[in-house]
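Biologist: Please show me the model, and then take my questions in turn.

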Amino acid sequence: MQVAGLLVLFRMNKNVKENIGIILLLYVLGAVTGIIINLI
């Protein structure tokens, strides 16, 4: 995801705890996808 997308997320959604959860979810999904692609 681009930095601009994260900036829009933080600007539109004022709930910081929810934003951090979304960022962590994106990170975990990206990491798991990368590991799976490496194994193939």
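Modeller: Helices (H or I, at least four residues) and strands (E, at least two) are DSSP runs, numbered from the N terminus. This is a predicted model, in which local features need pLDDT of at least 70, side-chain atom pairs count only at pLDDT 80 or more, and totals for chains, interfaces and linings use all residues. Residues are numbered from 1 along each chain as its sequence is written, and side-chain values use heavy atoms, with hydrogens and water left out.

Biologist: How many helices and strands are in the protein chain?

Modeller: The C-alpha atoms fill a box of roughly 40 × 20 × 10 Å along the principal axes. The protein chain has two helices and zero strands.

Biologist: Are H1 and H2 roughly parallel or roughly antiparallel?

Modeller: Axes are lines fitted to C-alpha atoms, for helices over the stretch in contact, and angles run from 0 to 180 degrees between N-to-C directions. Helix H1 (residues 3-12) packs against H2 at about 155°, with the axes 9 Å apart. Angles under 35 degrees count as roughly parallel, over 145 as roughly antiparallel, 65 to 115 as roughly perpendicular and the rest as oblique. H1 is therefore roughly antiparallel to H2.

Biologist: Is Asn19 buried or exposed?

Modeller: Asn19 lies in helix H2 and touches Leu9, Phe10 and Asn13 (heavy atoms within 4.5 Å), not counting residues up to four places away in sequence. Buried means under 20% relative accessible area, exposed over 50%, partly exposed in between (1.4 Å probe, protein chains only). Because its relative accessibility is 0%, Asn19 counts as buried.
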